[in-house]
Amino acid sequence: MALADRTTVRPPAPGPPPAGQRGPRLRRALAPYALISPTVLLLAVFLLIPVGSVVYYALQHHVVNEPYDDAFVGLGNFRTMLGDDRFWSSLAFSAKWVVAEVLLQLLLGLALALIVNETFVGRAMARALVFSPWAVSGVLTTSIWMLLYNPATGVFHYLSEIGVGNAGTSVLGNPDTVFGAAVTAELWRGVPFFAILILADLQSVPKELYEAASIDGAGRVRSFLHVTLPHLRDAIVLATLLRSVWEFNNVDLLYTLTNGGPAGATTSLPLYVAQLARKSYDFGYGSALTTAAFVILLFCSVLYLRLSKFGRQR
């Protein structure tokens with residue numbers, strides 16, 4: 001009798017809802033999908049269809065001014081790409097450009113974010129000045145820096161007058177200096193992106209963490225290394241990933257500032273594709289190069305996210 005008293009009586013399993021309640025439940029379950037369906041449709045039209053067309057043309061010999069010679073070549077464009085010296089040189093420049101830009105933008109953006117996160121007189125004005133270059137377009141940025149680099153009227157002309165450098169120096173026409181000049185121009189526009197993103201995350205760091213670190217005897221450097229940086233990890237990973245993709249695809253500044261010169265010294269892979277489309281109208285080979293760039297970016301992005309453990313608990 002005691003054993004029977006201790007036996008737990010489980011409630012019956014819930015059965016299917018009555019027929020009259022199935023319709024409202026189904027509508028509530030499908031409502032989120034109905035709300036996002038316009039966005040999914042727009043993405044399919046403006047993203048999937050162009051991507052599919054690029055992959056299609058990558059398998060074709062398609063030169064616009066030679067329509068009579070269009071044909072399916074399979075992987076022929078990709079085999080041509082492997083033996084194309086300009087492809088490898090432009091890919092190497094793109095990798096060099098991304099590493100230099102993203103690393104310098106991260107360091108300078110982090111420094112600026114830490115500075116404007118402090119309390120001082122005129123902080124609002126300082127933040128506006130730091131963030132303002134981000135609102136300037138690539139072409140306008142190029143115009144500003146071309147004026148600064150102008151050998152006759154730019155900053156180097158005035159430096160030569162006080163004995164620094166030589167008069168008439170063209171940093172954009174010298175293969176030894178053009179990379180640094182282009183990097184500097186892009187830094188002016190790209191650093192605010194990191195400063196904005198990092199500053200937003202800095203303001204969410206709990207003050208209690210700094211107080212606890214101070215009680216434990218940690219100074220400013222140790223608090224930065226053990227409190228600030230771990231909190232900023234995901235923001236830094238996201239910012240560097242986004243900026244790497246954008247810098248890899250940078251065309252506007254390089255095209256208007258150097259047009260890939262001198263002697264192809266600043267020709268990135270996307271700029272090489274643009275030159276193929278503009279000069280030789282070889283859309284088939286250009287599509288193959290674009291497909292290869294997409295695969296490279298996808299592989300590097302997935303690898304970077306896995307190695308950085310983005311979004312995982314610290």
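The stops below cover a helix pair, a surface patch and a loop. Keep in mind that this is a predicted model.

**Stop 1: the helix pair.** Select residues 85–116, helix H4, and residues 220–248, helix H10. Their axes come within 10 Å and cross at roughly 145°, and the crossing of H4 past H10 is right-handed. Now show side chains. On the H4 side, pick out Leu91, Ser94, Trp97, Val98, Glu101, Val102, Gln105, Leu106, Leu110 and Leu114. They meet Phe224, Leu232, Ile236, Thr240, Arg243, Ser244, Glu247 and Phe248 of H10. Colour this contact by class and you get eleven nonpolar, four polar and three charged residues.

**Stop 2: the nonpolar patch.** Switch to a surface view and select Trp134, Ile196, Leu238, Leu242, Trp246, Tyr304, Leu305 and Phe310. Together they make a nonpolar surface patch of about 640 Å². Two elements give two or more residues to it: H10 and helix H13, residues 283–308. Which gives the most to the patch? That's H10, with three residues. For the H13 share, click on Leu305, which sits in that helix.

**Stop 3: the loop between H11 and H12.** Go to the loop that runs between helix H11 (252–257) and helix H12 (269–280), where you'll find Pro262. Zoom in on the peptide bond joining Gly261 to Pro262: it is cis, with omega about -5°. Asn259 belongs to the loop between H11 and H12 too. Check its backbone: phi is positive, about 55°, although Asn259 is not a glycine.

Conventions. Residues are numbered from 1 along each chain as its sequence is written. This is a predicted model: local features need pLDDT of at least 70, side-chain atom pairs count only at pLDDT 80 or more; totals for chains, interfaces and linings use all residues. Side-chain values use heavy atoms; hydrogens and water are left out. Axes are lines fitted to C-alpha atoms, for helices over the stretch in contact, and angles run from 0 to 180 degrees between N-to-C directions. Helices (H or I, at least four residues) and strands (E, at least two) are DSSP runs, numbered from the N terminus. A crossing is left-handed if the near helix is turned anticlockwise from the far one by less than a right angle, and right-handed if clockwise. Contact means heavy atoms within 4.5 Å. Ala, Val, Leu, Ile, Met, Phe, Trp, Tyr, Cys and Pro count as nonpolar, Asp, Glu, Lys and Arg as charged, and the others, Gly among them, as polar. Patches are made of residues with over 30% relative accessible area and no salt bridge: like charges are joined within 9 Å, nonpolar side chains (Val, Leu, Ile, Met, Phe, Trp, Tyr) within 5 Å. Accessible areas come from the Shrake-Rupley method with a 1.4 Å probe; for residues, only the protein chains shown count as cover. A salt bridge is a side-chain nitrogen of Lys or Arg within 4 Å of a carboxyl oxygen of Asp or Glu.
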